[in-house]
Amino acid sequence: MTTHDSTGSRAHHVPRKGPNRLLGLIWAGFASAAVVGALIVPAHILVQGVLGPLGVPSFDRHYGTFARALSDPLVKIYLLVLFACSFYMLAFRVWYVVRELGVPSKLGVGVVSFGLSGAGLVIAGYLLFTGP
Amino acid sequence: MSPLSPRDVSHAQLDGEARATASDRVSARMPAATAEPAIAYPVKQPFTWWTRRRGYLLYMLREFTAVGIAAWMLLFLVEVARMRQGAAGYQPLGGPLFVAISVVCLALALWHSYTFLSLAGLFMRIPLGDRTVSPRIIARAMFGALAVVTVAIAGLLIWGGA
């Protein structure tokens with residue numbers, strides 16, 4: 001751990017007392033979200049994004065079938081998990097990559113990326129659970 | 001290998017001085033053997049460091065997969081939002097542009113699946129007696145799970161629209 005994260009100035013290395021539990025939790029969340037996302041995301045993009053518009057039946061091509069699917073609470077929870085995994089992966093990877101590209105502020109990038117991810121998840125939850 | 005010049009020797013003897021290599025211009029510094037806290041020097045890399053090697057480029061592409069996946073999810077969220085307009089106003093996303101975007105996002109999603117599930121054997125430790133399951137077996141099991149889950153979800157999505 002360093003007491004200063006920006007470039008261009010000295011920083012003293014101060015050993016952290018005990019494990020960084022928050023960072024461990026963030027990493028554990030990323031590992032879980034990335035595995036779940038790796039398993040379920042390709043099927044959605046394949047069917048809804050490629051095959052559906054090309055004529056293969058898909059549950060979101062018509063209002064009736066889409067509304068019927070979304071009337072099931074389990075489907076809503078499942079789709080919320082789908083959105084959560086995707087947005088969390090984005091936040092985590094942006095958090096690291098932006099810093100690797102030279103942006104110095106670890107806290108600022110983290111707040112922005114995870115904040116936008118959380119906002120997206122709240123919007124998704126609102127649309128899913130207050131819709132028809 | 002060329003012998004050390006006097007300049008190199010003087011650099012090597014300067015304990016605690018910054019030493020930069022001409023190849024990567026990365027400054028490294030070994031702390032002096034004192035009781036004071038070690039001084040951490042931030043590593044300065046050019047913005048385009050990831051274009052130097054193919055491995056770096058693939059790494060950045062792997063990180064970029066999250067952007068493609070999230071972008072497609074936002075498009076899906078637009079469809080969910082359109083549901084609020086009722087049966088008369090609902091129109092699913094379609095057309096050649098949407099299909100092209102989806103194909104790109106699908107490629108990124110598959111790249112994420114391939115790279116991350118390949119790593120599964122490294123960060124998953126499944127005890128088996130006094131040993132652990134081989135990472136290769138875990139990775140193969142994860143790819144098998146990907147195939148099964150993809151078929152199952154695709155079947156449900158198509159069945160829901162029939």
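1. First, a term: two residues are in contact when they have heavy atoms within 4.5 Å. Keep in mind that you're looking at a predicted model. Counted this way, the contact takes in 61 residues of chain A and 61 residues of chain B.

2. How much area is buried between chain B and chain A? It's about 5400 Å², with 75% of that coming from carbon and sulfur atoms. On the chain B side, Met83(B), Arg84(B) and Leu157(B) lose the most area to chain A, and together they make up 12% of what that side buries.

3. On to the polar side of things. There are 13 residue pairs in polar contact between chain B and chain A.

4. Which parts of chain B touch chain A? At least two residues each come from β3 (39–40), α2 (54–82), α3 (86–89), α4 (96–123) and α5 (135–161) of chain B. The largest share is from α2(B), with 17 residues. Sorted by class, this side of chain B has 46 nonpolar, nine polar and six charged residues.

5. Now for confidence. The predictor gives the complex an ipTM of 0.85 and a pTM of 0.78. Chain B has a mean pLDDT of 81, and 77% of its residues reach 70 or more. Look out for residues 1–28 of chain B, though: pLDDT stays under 50 there, and the model has 23 contacts beyond four places in sequence for that stretch.

How values were computed: Residues numbered from 1 in each chain as written. Chains lettered and ligands numbered in written order. Predicted model: local features only at pLDDT ≥ 70, side-chain atom pairs only at ≥ 80, totals over all residues. Heavy atoms only, no water. Buried area = accessible area lost by both parts, 1.4 Å probe. Polar contact = N/O pair within 3.5 Å; in protein donor to acceptor, adjacent residues only side chain to side chain. Helix = DSSP H or I, 4+ residues; strand = E, 2+ residues; numbered from the N terminus. Nonpolar A, V, L, I, M, F, W, Y, C, P; charged D, E, K, R; others polar. pLDDT = per-residue confidence, 0-100.
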